[in-house]
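Please look over the sequence and the model shown here before reading on.

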Amino acid sequence: MRPGFGIVLILLAALGLGGACAVAAILIGDAPKVFAPIVGAIWMTLITLGAAASLASRITLTSDEIVVRGPFTRQRRPRSRIAKAARATIHVPRGANNSLILLDADGRLLVRMSVDHYNREDIDRLVQMLDVPCSGPDAFRNAKEFERTYPGTLSWVERHPYRIAFAITAVVLVAIAMAVALVAGATAS
């Protein structure tokens, strides 16, 4: 099973439009024109990574195992260990994340997969083919609430989204300040 083509196409088109608008704003505005190819290259990198991620991502269910493949990871778990499935929507600062969680008989996490980019019908069929009890969809107000219900299922980054956002903002602001200082130094000479 692969991510829904229409969903991926819409996301890539939105990224492309965003990049084109950013480059156009630089070219039309008062910003130094040297930033246009830099910003364009950054957006093209994001689009390329998004396309590669959608091509690499897939969920494979066989009679022996489930394989969840992402752009950088591959998780294989024996199908015989899957005792329960749960569907959950976690509300995070940037929106909502729909997940399918597979647990063993002791309630420990086997696999957690984000299913936002998959067709709902495909996920319904996967749950049906697993033939295990499935709860949900449950909605959680935040990652902490989700983590209390399903301990050990979230990464540190997912449990601390604001710290990551502040760190990224700080890095971006420092990079902008350095770029402005370099441009100001180059134009003053």
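What follows is a short report on this predicted model, arranged by topic.

## Overall form

The model is a predicted one, and its chain holds six helices and seven strands. Read from the N terminus, the elements follow the order α-α-β-β-β-β-β-β-α-β-α-α-α. The radius of gyration is 21 Å, well over the 16 Å that the globule rule gives for 189 residues, so the chain is more spread out than a compact globule.

Along its principal axes, the C-alpha trace spans about 70 × 30 × 25 Å. Of the 189 residues in the chain, 29% are buried. When contacts with a separation of 6 or more are considered, 49% of them are made by residues 24 or more positions apart.

## Nonpolar cores

The largest nonpolar core has 18 residues, and the members that touch the most others are Ile-66, Ile-82, Leu-100, Leu-102, Met-113, Leu-126 and Leu-130. At least two residues of this core come from each of strand 1 (58–61), strand 2 (65–69), strand 5 (95–103), strand 6 (109–114) and helix 3 (120–130). Helix 3 supplies the largest share of this core, namely four residues.

Which residues are in contact with Ile-66, once its neighbours within four places in sequence are left aside? They are Ile-59, Thr-60, Leu-61, Gln-75, Arg-76, Arg-77, Ile-82, Leu-102, Met-113 and Leu-126.

## The largest pocket

The largest pocket holds about 1,400 Å³ of space. Its lining is made up of 42 residues, and those that lie nearest the centre of the pocket are Ala-53, Ser-57, Pro-71, Ser-114 and His-117. Two or more lining residues are given by each of helix 1 (5–28), helix 2 (35–56), strand 1, strand 2, strand 4 (84–92), strand 6, helix 5 (156–159) and helix 6 (161–188).

Helix 2 gives the most to this lining, with six residues. Sorted by class, the lining of the largest pocket comprises 25 nonpolar, 11 polar and six charged residues.

## The second largest pocket

About 200 Å³ of space lies in the second largest pocket. Which residues line the second largest pocket? The lining consists of Phe-35, Ile-38, Val-39, Ile-42, Val-172, Ala-175, Ile-176, Ala-179 and Val-180.

By class, this lining has nine nonpolar residues, with no polar and no charged ones. Helix 2 and helix 6 each supply at least two residues of the lining, and helix 6 gives the most, with five residues.

## A residue in a loop

Asp-106 is found in the loop between strand 5 and strand 6. Is Asp-106 buried or exposed? Asp-106 has a relative accessible area of 60%, and because a residue counts as exposed when that value is over 50%, Asp-106 is exposed.

Although Asp-106 and Ala-83 are 23 residues apart in sequence, they are 8.5 Å apart in space, taken from C-alpha to C-alpha.

Terms used:
Residues are numbered from 1 along each chain as its sequence is written. This is a predicted model: local features need pLDDT of at least 70, side-chain atom pairs count only at pLDDT 80 or more; totals for chains, interfaces and linings use all residues. Side-chain values use heavy atoms; hydrogens and water are left out. A nonpolar core is a set of buried Ala, Val, Leu, Ile, Met, Phe, Trp, Tyr and Cys residues joined through side-chain atoms within 4.5 Å. Buried means under 20% relative accessible area, exposed over 50%, partly exposed in between (1.4 Å probe, protein chains only). Contact means heavy atoms within 4.5 Å. On a 1 Å grid over the protein atoms alone, a cavity is a set of points where a 1.4 Å probe fits but cannot get out, and a pocket is an open set with protein on both sides within 12 Å along at least five of seven lines; lining residues have an atom within 4 Å of a point. Grid points are joined across faces, edges and corners, and a volume is the space filled by probe spheres set on the points. Ala, Val, Leu, Ile, Met, Phe, Trp, Tyr, Cys and Pro count as nonpolar, Asp, Glu, Lys and Arg as charged, and the others, Gly among them, as polar. The radius of gyration is taken over C-alpha atoms; the globule rule is 2.2 Å times the number of residues to the power 0.38.
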